[in-house]
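The sequence and structure come first.

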Amino acid sequence: MTRYIFCVIAVLVQPLFVWYVYHKQDKREAALKIPMIGCSVLYLVVQVYAFFKLCIKIPGKYGIFSYLIQAVILAVFIALELALSGSNKYIKRVQENEQNSIRDFKNLIKELEICRLDVSEENKKYIDKLYEKMRYSDPVSSPEVAQENEKINELIAELPGITESSQFEAKCLEIEKQLDIRKIKNTKEQG
């Protein structure tokens, strides 16, 4: 009976992984874990096949080799599952960072929209030009451009206090220059 222990483990693992994938989580997170179920089913097939093709034919006095073969199969399965779990965590972390960077850049655009309400009609044309440039910029920011995003935020905060048109235009051009630097750093990070 003890010869069947690894086959029993392989069968019991299946409902455990199905529960792990589909229990109380959103569909995107569950979709990332589907390969774990596939690996689990593959483990079941390999374990049962190895048992009936190899292990059951091993004589009783060499039974340790049967356990060794099945233990190696289990160890490989555990290593694969840990690797898949680690990659799922990495993918989730990258997605969260990307969403945070998009939200931060969209907040900069909102700050510019609010600033537009506090400036003279003469200066709105500069804000509108800057707004269009920001709207069509890539909202995803690499961690290396956090400093540029902060600088852009500071420059936008200075805009409502400037009344002279030439100074206002110069500040908008400075913001555009920071946007170009941000774009270059983002491109270097992606390329």
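## Helices α3 and α5

In this predicted model, the axes of α3 and helix α5 (residues 146–158) approach within 10 Å and cross at roughly 10°. An angle under 35 degrees counts as roughly parallel, so α3 is roughly parallel to α5.

On the α3 side, the contact is formed by Phe105, Leu108, Glu111, Leu112 and Cys115. Their partners in α5 are Asn149, Ile152, Asn153 and Ile156. Sorted by class, the contact of α3 with α5 holds six nonpolar, two polar and one charged residues.

## Helices α3 and α4

The axes of α3 and α4 lie 10 Å apart, and the two helices pack at an angle of about 165°. Angles over 145 degrees count as roughly antiparallel, which means that α3 is roughly antiparallel to α4. The crossing of α3 with α4 is left-handed.

From α3, the residues in contact are Phe105, Leu108, Ile109, Leu112, Glu113, Cys115 and Arg116. They meet Lys124, Ile127, Asp128, Leu130, Tyr131, Met134 and Arg135 in α4. The contact of α3 with α4 comprises nine nonpolar and five charged residues, with no polar ones.

## Salt bridges

The model has seven salt bridges. One of them joins the side chains of Arg116 and Asp128, with an N to O distance of 2.5 Å. This pair links distant parts of the chain, 12 residues apart: Arg116 belongs to helix α3, and Asp128 to helix α4 (residues 121–135).

## Helices α1 and α3

Helix α1 (residues 5–22) and helix α3 (residues 63–117) have axes that come within 10 Å and cross at roughly 15°. By the cut-off of 35 degrees, α1 is therefore roughly parallel to α3. Their crossing is left-handed.

Ile5, Phe6, Cys7, Ile9, Val13, Phe17 and Tyr20 are the α1 residues in this contact. Across from them, α3 supplies Tyr67, Gln70, Ala71, Leu74, Phe77, Glu81 and Ser85. The contact of α1 with α3 counts 11 nonpolar, two polar and one charged residues.

## Annotated transmembrane regions

An unreviewed UniProt entry places the feature "transmembrane region" at residues 6–22, 34–52 and 64–84. Residues 6–22 are 100% helix and 0% strand in the model, and the end C-alpha atoms of the span lie 25 Å apart. Residues 34–52 are likewise 100% helix and 0% strand. For residues 34–52, the distance between the end C-alpha atoms is 28 Å.

Technical notes:
Residues are numbered from 1 along each chain as its sequence is written. This is a predicted model: local features need pLDDT of at least 70, side-chain atom pairs count only at pLDDT 80 or more; totals for chains, interfaces and linings use all residues. Side-chain values use heavy atoms; hydrogens and water are left out. UniProt positions are given in the numbering used here, feature names are shortened, and annotations may be inferred rather than shown by experiment. Helices (H or I, at least four residues) and strands (E, at least two) are DSSP runs, numbered from the N terminus. Axes are lines fitted to C-alpha atoms, for helices over the stretch in contact, and angles run from 0 to 180 degrees between N-to-C directions. Angles under 35 degrees count as roughly parallel, over 145 as roughly antiparallel, 65 to 115 as roughly perpendicular and the rest as oblique. A crossing is left-handed if the near helix is turned anticlockwise from the far one by less than a right angle, and right-handed if clockwise. Contact means heavy atoms within 4.5 Å. Ala, Val, Leu, Ile, Met, Phe, Trp, Tyr, Cys and Pro count as nonpolar, Asp, Glu, Lys and Arg as charged, and the others, Gly among them, as polar. A salt bridge is a side-chain nitrogen of Lys or Arg within 4 Å of a carboxyl oxygen of Asp or Glu.
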